Amino acid sequence: MKKLILSLVFLIILVTFSCNRNKYRYKIYGKIYVPTAGLHPIHDAIWYTDTIGFDGDTLYYFNSDGSKVTIRPPYTLIDNTKHQNIKK
């Protein structure tokens, strides 16, 4: 009975802490322009990626299909490995 309780406690702790992991290195908050959105063409957006590059103050990364995603300021870059926020 004691082994069962310890196993159950271990399993609960494992499930609880494994759910909080970040799957991607970077999380980027920014804005996108949607011309077909009518009165409100600017919308909030969130991007997730493991690699980024910079061209001046513009951030970019490549999707798995090879397409380039360009993110212009203002944006907030969160490095999940360092818990560091960078605002541009």
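**Reading rings and charges in a predicted model**

Mentor: Start with Phe-62, which counts as partly exposed at 48% relative accessibility. The classes are simple: buried is under 20% relative accessible area, exposed is over 50%, and partly exposed lies in between (1.4 Å probe, protein chains only). The model is predicted, so local features need pLDDT of at least 70 and side-chain atom pairs pLDDT 80 or more, while totals for chains, interfaces and linings use all residues. Residues are numbered from 1 along each chain as its sequence is written, and side-chain values use heavy atoms, without hydrogens and water.

Trainee: How many aromatic pairs does the structure hold?

Mentor: Two. Rings of Phe, Tyr and Trp (its six-membered ring) pair if their centres lie within 6.5 Å; planes under 30 degrees apart are stacked, over 60 edge-to-face, the rest tilted.

Trainee: Where do Tyr-24 and Tyr-48 sit in the chain?

Mentor: They link distant parts of the chain, 24 residues apart. Tyr-24 is in the loop between helix 1 and strand 1, and Tyr-48 is in strand 2. Helices (H or I, at least four residues) and strands (E, at least two) are DSSP runs, numbered from the N terminus.

Trainee: What is the geometry of the pair Tyr-60 and Phe-62?

Mentor: Read the angle of the planes. For Tyr-60 and Phe-62 the planes stand at 80° and the centres are 6.0 Å apart, so the pair is edge-to-face. Tyr-60 is partly exposed, at 23% relative accessibility. Phe-62, where we began, is partly exposed at 48%.

Trainee: Which residue has its charged end over the ring of Tyr-60?

Mentor: Lys-68. A charge sits over a ring if NZ of Lys or CZ of Arg is within 6 Å of the ring centre and within 35 degrees of the ring normal. The charged end of Lys-68 is 4.5 Å from the centre of the Tyr-60 ring. Tyr-60 therefore takes part in an aromatic pair with Phe-62, and the charged end of Lys-68 also sits over the Tyr-60 ring.

Trainee: On to charges. How many salt bridges does a search of the whole structure find?

Mentor: Two. A salt bridge needs a side-chain nitrogen of Lys or Arg within 4 Å of a carboxyl oxygen of Asp or Glu. Asp-79 and Arg-25 meet in one, at 3.4 Å, N to O. This pair links distant parts of the chain, 54 residues apart: Asp-79 lies in strand 6, Arg-25 in the loop between helix 1 (2–18) and strand 1 (26–33). Strand 6 covers residues 76–79.

Trainee: What are the relative accessible areas of Asp-79 and Arg-25?

Mentor: Asp-79 has 6%, so Asp-79 is buried. Arg-25 has 31% and is partly exposed.

Trainee: Which side chain does Asp-44 meet in a salt bridge?

Mentor: That of Lys-31, at 2.5 Å, N to O. This pair too links distant parts of the chain, 13 residues apart, with Asp-44 in strand 2 (residues 42–49) and Lys-31 in strand 1.
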